[in-house]
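Me: I'd like to learn how to read a protein model feature by feature. Can we take it slowly, with the general idea each time and then the case at hand?

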Amino acid sequence: MRAGFPDFRLGSVLATSFTGTLSERHGDAVERIPTPQRLVDWLAVNGLAVDSCTTAQLDLARELRESIHATATAAALQDALPASAVQVINDCSAQGRAAAILTPEGKRRWQLSSASCVEDALGVIAADAISIIAGERDGKLALCASPTCQAAFFDTSRSRTRKWCDMNTCGNRQKKARFNANQRKNPRSAE
């Protein structure tokens, strides 16, 4: 990772990992793709390498990110999907040019051509969002229980009762806060 920027939060679901490039939305927000080059870095880490990114493409990426977040949040709450966000997702999906390929391990992977641009990578992310929001994959959309985060994530746990978008950040932070609160209530239990 490039020095001076917060680490990426990587998950197993492309679309919700992409929405995680802005975390702590209800607290002190952390922007993980503040520059066009940082978006190029994130795409490369996620198997969608492109050569360059303009400021306009970064703006489009952020618009897609927020549209996915709004739509996934609505889906998790079983609310009506916001029409303008759905339109952004659909437009990005339609503009992208990528091919689905089968790996030797039997997994699907997206392949961009050598002349691919940011819009092609965003098309893959939009297509991934469509597949999870439409309920085509085994799992369910949920919202992080952290009051400062509330990120949409795709829960593929057996019981579908996961509470945190990322146990290493939000989950640990909440458990630590609960532990500290209990220690303040019962100071003798620490002895």
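Reply: Helices (H or I, at least four residues) and strands (E, at least two) are DSSP runs, numbered from the N terminus. Now the case: helix α2, residues 36-45, has Arg38, Leu39, Val40, Asp41, Trp42 and Leu43 buried. One caution is that this is a predicted model, where local features need pLDDT of at least 70 and side-chain atom pairs count only at pLDDT 80 or more, while totals for chains, interfaces and linings use all residues. Residues are numbered from 1 along each chain as its sequence is written, and side-chain values use heavy atoms, with hydrogens and water left out.

Me: Which helices do the buried residues of α2 pack against?

Reply: Contact here means heavy atoms within 4.5 Å. By that test, the buried residues of α2 pack against α1 (14-19), α3 (55-76) and α5 (118-133). Take Leu39: leaving aside neighbours within four places in sequence, Leu39 touches Phe18, Ile33, Cys53, Gln57, Leu58, Ala61 and Val118. Just after α2, Gly47 has a positive phi of about 75°.

Me: Let me zoom out. How many helices and strands are in the chain, and what pattern do they follow?

Reply: There are six helices and six strands, and along the sequence they run α-β-β-α-α-α-β-β-α-β-β-α. Of the chain's 191 residues, 38% count as buried. Among contacts between residues at least 6 apart in sequence, 54% join residues at least 24 apart.

Me: Which residues touch the most other members of the largest nonpolar core?

Reply: A nonpolar core is a set of buried Ala, Val, Leu, Ile, Met, Phe, Trp, Tyr and Cys residues joined through side-chain atoms within 4.5 Å. The largest one here has 34 residues, and Phe18, Leu39, Leu64 and Ile125 touch the most other members. At least two residues each come from α1, α2, α3, α4, α5 and β6 (152-155), with α5 giving the largest share, nine residues. Apart from this core lies another, of eight residues, including Ala142, Cys149, Ala151 and Trp164.

Me: Next, helix pairs. At what angle do α3 and α4 pack, and how far apart are their axes?

Reply: Axes are lines fitted to C-alpha atoms, for helices over the stretch in contact, and the angles run from 0 to 180 degrees between N-to-C directions. Under 35 degrees counts as roughly parallel, over 145 as roughly antiparallel, 65 to 115 as roughly perpendicular and the rest as oblique. For α3 and α4 the angle is about 125°, with the axes 8 Å apart, so the two are oblique to each other. On the α3 side, Leu60, Glu63, Leu64, Ser67, Ile68, Ala70 and Thr71 meet Ala85, Val86, Val88, Ile89 and Cys92 of α4.

Me: And what is the packing angle of α4 and α5?

Reply: α4 and α5 pack at about 125°, with their axes 7 Å apart, and are therefore oblique to each other. Ile89, Asn90, Cys92, Ser93 and Gln95 of α4 meet Glu119, Asp120, Leu122, Gly123, Ala126, Ala127 and Ile130 of α5.

Me: Let me pick one residue from that list. Is Ser93 buried, exposed or partly exposed?

Reply: Ser93 sits in α4, residues 83-95, and is partly exposed because its relative accessible area is 24%. Leaving aside neighbours within four places in sequence, Ser93 is in contact with Gly123, Ala126, Ala127 and Ile130. The C-alpha atoms of Ser93 and Ala127 are 5.5 Å apart, although 34 residues separate the two along the chain.

Me: Is His69 buried or exposed?

Reply: His69, in helix α3, counts as buried because its relative accessibility is 12%.

Technical notes:
Buried < 20%, exposed > 50% of the residue type's maximum accessible area, 1.4 Å probe, protein only.
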